[in-house]
Amino acid sequence: MNNYLKKGNIKKIGLHPNSLFGMGNPLLDISAVVDKDFLDKYTLKPNDQILAEDKHKALFEELVKKFKVEYHAGGATQNSIKIAQWMIQEPHNVGTFFGCIGKDKFGGILKQKSEEAHIDARYYEQDEEPTGTCAACITGDNRSLVANLAAANCYKKDKHLDLEENWKLVEKAKVYYIAGFFLTVSLESILKVAKNASENNKLFCLNLSAPFICQFFKDNLMQVMPYVDVLFGNETEAVEFAEAQDFETKDIKEIAKKAQALPKDNTKRQRIVVFTQGKDDTVMIETFPVLKIDPKDIVDTNGAGDAFVGGFLSELVQEKPLDQCVKAAHYAANVIIRRAGCTFPEKPDFNCPSA
């Protein structure tokens, strides 16, 4: 069995830049404390997650003009790569990230923020669509999220992934991670990366990401599934996935077993399935208890899933045993839910036993 699947302590592997590769929808997170009038003007609920419609187009500029804003490099995959890099600390640029942005002010800020997070973001820049943004409108303890994917939807395999200097970065990696949201953007890019990982016995990780992916993008998802070595999801996504696959069960452990048994291209390693269940135990065929937290200490659960994956990847890329990956995942999620947005302190306080 490959080292990635062993449980005992194994020797720490030296990390080099670009060991971890992510590809997805880059968004510039713009957060600000707003008033009720602002929410009402754009018919926003205090605690919601929506995609921007035409009536929200002016919201982003107005948010920047009227309120004190904070910017962060965001989007599900980029968040996870960012968290993994934070957990690893040194060397910088362990994580590479590909995605599409616009040639505009927000694109410039996003490049600066990804640099500050010490990730090697190589964006495909185009001028047809503006950089994708996610506005976090904060009122009291609530956050109303409005995402405008814009340029994130415009990623082109032939214009970016296929370029020799970019493909070299893909080949340098040993662990790959893509959130399911990208299945709606560039299936051909995902398949190229996934097949390359499988052929070279490297680890390809995918996240179910949202119930609608399992439901409406089932065909795309199942084209990629044979190449998936590690599958992430939460309990809601797991149940939706099971329904779409006619598993005829809502038991999370059973769904994990059935997902693990789906056909796999690289038979040298068994598929790992990791399903989170909020405050309940994480299921990975066996269960792992999450870190307890007083509900009053929870500030914002929105980035918890991305943080969980980032913590997991930070250990996986160092070839740590799986129970160690889960511990790091729980730690990262526990830190993130105590803060607004997918933000973190300067350094992690995670002590992993070394071999």
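Helices (H or I, at least four residues) and strands (E, at least two) are taken as DSSP runs and numbered from the N terminus. On this basis the protein chain holds 13 helices and 14 strands. The structure is a predicted model, in which local features need pLDDT of at least 70, side-chain atom pairs count only at pLDDT 80 or more, and totals for chains, interfaces and linings use all residues. Residues are numbered from 1 along each chain as its sequence is written, and side-chain values use heavy atoms, with hydrogens and water left out.

Burial was assigned from relative accessible area: buried is under 20%, exposed is over 50%, and partly exposed is in between (1.4 Å probe, protein chains only). Of the 355 residues in the protein chain, 58% are buried. Contact denotes heavy atoms within 4.5 Å. When contacts between residues at least 6 apart in sequence are taken, 76% of them join residues at least 24 apart.

A nonpolar core is defined as a set of buried Ala, Val, Leu, Ile, Met, Phe, Trp, Tyr and Cys residues joined through side-chain atoms within 4.5 Å. The largest such core comprises 48 residues, and the members with the most contacts inside it are Met-23, Tyr-155, Val-193, Phe-204, Val-224, Phe-241 and Phe-275. Helix H7 (residues 187–199) contributes the most to this core, namely six residues. Another core, of 29 residues, lies apart from it and includes Leu-15, Leu-20, Ile-119 and Val-326. With residues up to four places away in sequence not counted, Tyr-155 touches Met-23, Phe-98, Gly-99, Cys-100, Tyr-124, His-160, Leu-161, Phe-182, Val-185, Ser-186 and Ser-189.

The UniProt record, an unreviewed entry, places the feature "active site" at Asp-306. UniProt positions are given in the numbering used here, feature names are shortened, and annotations may be inferred rather than shown by experiment. Asp-306 is located in helix H12 (residues 304–316). Its relative accessibility is 16%, so Asp-306 counts as buried. Apart from neighbours within four places in sequence, Asp-306 is in contact with Ala-76, Asn-79 and Ser-80.

Packing between helices H3 and H12 was then examined. Two packed helices are described by the angle between their axes and the distance between the axes. Here axes are lines fitted to C-alpha atoms, for helices over the stretch in contact, and angles run from 0 to 180 degrees between N-to-C directions. The axes of H3 (residues 76–88) and H12 come within 7 Å and cross at roughly 45°. H3 is therefore oblique to H12; angles under 35 degrees count as roughly parallel, over 145 as roughly antiparallel, 65 to 115 as roughly perpendicular and the rest as oblique. The crossing of H3 past H12 is right-handed, a term for the near helix being turned clockwise from the far one by less than a right angle, with anticlockwise giving left-handed. In this pairing Ala-76, Asn-79, Ser-80, Ile-83, Ala-84, Met-87 and Ile-88 of H3 meet Asp-306, Ala-307, Val-309, Gly-310, Gly-311, Leu-313 and Ser-314 of H12.

Helix H2 (residues 59–66) contains Glu-62. Glu-62 counts as buried because its relative accessibility is 13%. Its contacts, neighbours within four places in sequence left aside, are Phe-38, Lys-41, Tyr-42 and Phe-67. Leu-59, Phe-60, Leu-63 and Val-64 are, with Glu-62, buried in H2. The buried residues of H2 pack against helices H1 and H4 and against strands S2 (27–33), S4 (70–74), S7 (133–139) and S8 (142–148).

Leu-39 lies in helix H1 (residues 36–41). A relative accessibility of 4% means that Leu-39 counts as buried. Leu-39 and Ile-138 are 99 residues apart in sequence, with 9.5 Å between their C-alpha atoms. Residues up to four places away in sequence not counted, Leu-39 touches Val-34, Leu-44, Pro-46, Cys-137, Thr-139 and Ser-144.

Backbone geometry was also considered. Most residues other than glycine have a negative phi, and most peptide bonds are trans. The peptide bond from Glu-90 to Pro-91 is cis, with omega near -5°. Pro-91 is placed in the loop between H3 and strand S5 (95–102). Asn-93, in the loop between H3 and S5, has a positive phi of about 60° although it is not a glycine. Asn-93 counts as partly exposed, at 29% relative accessibility. His-118 has a positive phi, near 60°, and lies in the loop between helix H4 (105–116) and strand S6 (120–126). At 33% relative accessibility, His-118 counts as partly exposed.
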